[in-house]
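Hi there,

Here is the structure I promised to pass on.

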Amino acid sequence: MSMTVRHAIILPTLLVLSACEGRHNWLSGAGREASQIETLFWPLVFGAAVIWLLVVGLAIYAFRCAPEPETEGRARAFVLWGGAVFPTAVIAALLVSGLLVLRGIAAGDGEVTIRVDGEQWWWRVTYDTPEGPVTSANEVRFRAGSRTEILLTSDDVIHSFWVPALGGKIDMIPGRENRLLLTPETVGDWGGLCAEYCGGAHAQMRFSAIVMPPGDHADWLRAEARPAAVTDGPGLEVFLSRGCGACHAIRGTPAEGQVGPDLTHLAARTTLGAGVLPMTQAALSDWITDTGRVKPGVLMPGYPDLPEAELAVLLDYLMALE
Ligand code: CUA
């Protein structure tokens with residue numbers, strides 16, 4: 001086999017396999033809907049492979065073996081059955097089975113409701129609790145085994161909410177509320193992303209999709225509903241004097257901005273800047289001093305001239321917001 005042919009086979013295979021790996025693996029079976037969609041996928045792949053082999057085999061037979069011409073009647077019957085009846089029957093069967101699975105996926109109500117608003121370029125996430133709505137950002141936490149209704153909209157342009165491993169993707173459209181039902185089953189951080197081009201930082205619009213055991217989820221939601229752990233001190237003073245509170249809210253403090261992500265429990269999140277950085281003090285420092293370098297086009301300005309002493313107390317404060 002020549003190198004070119006080998007590369008022609010290996011490269012696409014690697015590309016295909018890389019899409020099936022890790023937290024974005026859409027064949028993970030991590031949710032009920034993902035498993036249901038998988039039951040459609042494999043018969044489709046094997047069926048298509050069988051038909052492809054059959055057609056290519058027939059073509060090779062016709063060209064290479066140069067059989068005697070068929071009678072006109074047999075040729076017509078072959079075209080009618082092979083070219084019209086068979087494809088119509090196969091496509092009709094696929095349509096019916098696809099519609100049945102989709103109807104099962106979209107039917108019914110959720111036991112849990114989560115609202116997600118698309119923003120340029122991050123996610124505003126609101127949980128319904130008996131005590132009222134609780135807002136967070138860039139992290140959707142699911143209760144394992146519960147059918148979850150996700151209500152999706154957008155504040156600016158069209159985004160698309162996609163958690164590949166849970167089998168769910170739907171557009172987020174300004175002025176319209178779309179609904180997605182997901183039943184995550186396997187505990188883990190599966191990760192999600194924006195699947196509709198929405199501007200410069202589209203590729204940096206990601207989120208964590210964390211499936212938690214029910215007990216842990218209840219504890220986490222109770223903690224998330226509480227006001228900030230620290231509501232005074234020099235770090236908060238810097239935060240307020242530099243105007244951060246105009247865009248960000250920290251519940252329990254005078255910071256009540258609604259433009260950017262709620263920071264009440266910032267340090268309890270796993271990532272920063274909508275999935276682009278790990279949640280560490282060093283990354284937070286990089287982010288605040290030069291947001292545009294980390295995420296070009298981001299609406300939050302960088303603060304490269306913040307005196308070191310102010311930055312230090314600000315970082316200490318934000319990292320204490322667990
Ligand atoms: Cu939001 Cu792409």
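Which residues form one aromatic cluster? They are Phe41, Trp42 and Phe46.

A word on the source: this is a predicted model, where local features need pLDDT of at least 70 and side-chain atom pairs count only at pLDDT 80 or more, while totals for chains, interfaces and linings use all residues. Residues are numbered from 1 along each chain as its sequence is written, and side-chain values use heavy atoms, with hydrogens and water left out.

Searching the whole structure gives 6 aromatic pairs (rings of Phe, Tyr and Trp, the last by its six-membered ring, with centres within 6.5 Å; planes under 30 degrees apart are stacked, over 60 edge-to-face, the rest tilted). One of them joins Trp123 and Phe207: the centres are 4.6 Å apart and the planes at 65°, so this pair is edge-to-face. Because Trp123 is in strand 2 (residues 122-129) and Phe207 in strand 11 (residues 206-212), the pair ties together parts 84 residues apart in sequence. Strands are DSSP runs of E, at least two residues, and helices runs of H or I, at least four, numbered from the N terminus. Both Trp123 and Phe207 are buried (under 20% relative accessible area; exposed is over 50%, partly exposed in between, with a 1.4 Å probe and protein chains only).

Tyr127 and Trp220 are also edge-to-face, because their centres are 5.1 Å apart and their planes at 75°. Tyr127 belongs to strand 2 and Trp220 to helix 4 (residues 214-225), 93 residues apart. Tyr127 is buried at 2% relative accessible area, and Trp220 is buried at 11%.

Best wishes
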